[in-house]
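These are my notebook entries on one protein model.

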Amino acid sequence: MSQQSKTDLDITNSSRGVWLVKVPKYLGNKWADCAGHDVGKLEITKVPGKPSTVTLKSSEHTLKDCKIPREHTVISHSLKGMRLGIFSQPVRGNSSDAAVPETQKLCFEGQVVEKVRCQPVVDDYYINLKKEAKKKAAQPLNKAKLIDSPVNVYKPTSHHEHDVHLKQRKAVRRMVRDDKDKVMELLFAAFEKHQYYYIKDLRKITQQPITYLKEILRDLCNYNVKNPHKNMWGLKPEYHYYKPDE
């Protein structure tokens, strides 16, 4: 660790031991609303020859206006050789935070000595809580809504985008191979109008499968790989009707 990092970290509470506690969501939400008040007490029962029993009893302020389990059993978990620490850092939100020196922005609050989980004790409140959770989960996300007056936002149409694509695919499937001489006549007639064509344009003119059309084009045409007619087909010199360039 660099010298700059040592000065930025406050290790005043490095010798303090803290508990890492996992609690149910409903209990964590109540603790968030109890800022500045006691949330409960831990009762540790020690019996000779047996592991200690730890129980969390929620305070009256925590149980106010809510129906949650009153007691929770604290179950300890092994750290398995892990070394965990708790760090804190003030959040810049007002002028008072701006006055805190930069060297005190990150504080080491203590080392985790216990990793525990709070499990609710089964009572009437716990049973009712589970019933409400199951009832809420069983409710459908989407519900039908009764409309008193007609809504004319959506108007019917006879041409849907899906139908257009479907017709195009069917048109492609209907393409069958015509007689080679007939296809050649169509190609010669097309090249009388223009000297170069893309393959997609010749396919529209002849209405032939692309593979079959390329077979015929290889006998009649040359494929240009250079500009200015790159990727276009043109008749071979022995077939075209154009005068050679001077």
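**Entry 1: surface and overall counts**

What does the accessible surface of the protein come to, and what share of it belongs to carbon and sulfur atoms? I get about 19,600 Å², with 53% on carbon and sulfur. Areas come from the Shrake-Rupley method with a 1.4 Å probe, and for residues only the protein chains shown count as cover.

The model is predicted, so I noted the terms: local features need pLDDT of at least 70, side-chain atom pairs count only at pLDDT 80 or more, and totals for chains, interfaces and linings use all residues. Residues are numbered from 1 along each chain as its sequence is written, and side-chain values use heavy atoms, with hydrogens and water left out.

I listed nine helices and ten strands. Both are DSSP runs numbered from the N terminus (helices H or I, at least four residues; strands E, at least two). Of the 246 residues, 20% are buried. Among contacts with a separation of 6 or more, 61% join residues 24 or more positions apart; a contact means heavy atoms within 4.5 Å.

**Entry 2: confidence**

I looked up pLDDT, the predictor's confidence in each residue, from 0 to 100. The average is 80, and 83% of the residues score at least 70. Over residues 1-7 the value stays under 50, and there the model has two contacts beyond four places in sequence.

Strand 3 (residues 40-45) runs antiparallel to strand 4 (residues 53-58), with six bridges. Glu 43 has Thr 55 of strand 4 opposite. Strand 4 is also paired with strand 5 (residues 71-77), again antiparallel, over four bridges. There, Lys 57 has Glu 71 in strand 5 as its bridge partner.

**Entry 3: helix 2 and Lys 30**

In helix 2, I found Tyr 26, Leu 27 and Lys 30 buried. They lie on the same side of helix 2, because they cover an arc of only 100 degrees around the axis; the arc is that of the directions from the helix axis to the C-beta atoms. Lys 25 and Ala 32 are exposed on the other side of the helix. The buried residues pack against strand 4, helix 3 (60-63), strand 5, strand 7 (106-120) and helix 5 (124-138).

Is Lys 30 buried or exposed? Lys 30, in helix 2 (residues 25-32), counts as buried because its relative accessibility is 18%. Beyond four places in sequence, Lys 30 contacts Thr 62, Lys 64, Cys 66 and Ile 68. Ile 68 is 38 residues from Lys 30 in sequence, with 9.7 Å from C-alpha to C-alpha.

**Entry 4: helix 9**

Which residues of helix 9 (residues 210-220) are buried? I have Tyr 212, Leu 213, Ile 216, Leu 217 and Leu 220. Their arc around the axis is only 135 degrees, so they sit on the same side of helix 9. An α-helix has 3.6 residues a turn, so residues three or four places apart point the same way. On the other side of helix 9, I found Thr 211 and Arg 218 exposed. The buried set packs against helix 7 (180-193), helix 8 (199-206), strand 9 (221-223) and strand 10 (233-235).

**Entry 5: sheet 8-10-9**

I traced an open sheet of three strands in the order 8-10-9, with antiparallel pairing. Strand 8 (196-197) and strand 9 are at the edges with a single partner strand each, so one side of each has no neighbour in the sheet. Three bridges join strand 9 to strand 10. Asn 222 is opposite Gly 234 in strand 10.

**Entry 6: aromatic pairs**

Rings of Phe, Tyr and Trp (its six-membered ring) pair if their centres lie within 6.5 Å; planes under 30 degrees apart are stacked, over 60 edge-to-face, and the rest tilted. I count three pairs by this rule. In one of them, Phe 191 and Tyr 197 are edge-to-face, 5.2 Å centre to centre and 90 degrees between the planes. Tyr 223 and Trp 233 have centres 5.1 Å apart and planes at 55 degrees, so I logged the pair as tilted. This pair links distant parts of the chain, with Tyr 223 in strand 9 and Trp 233 in strand 10, ten residues apart.

On accessibility, Phe 191 is buried at 0% and Tyr 197 is buried at 8%. Trp 233 is buried at 8%, whereas Tyr 223 is partly exposed at 40%.

Notes. Buried means under 20% relative accessible area, exposed over 50%, partly exposed in between (1.4 Å probe, protein chains only). Two strands pair if DSSP finds at least two bridges between them.
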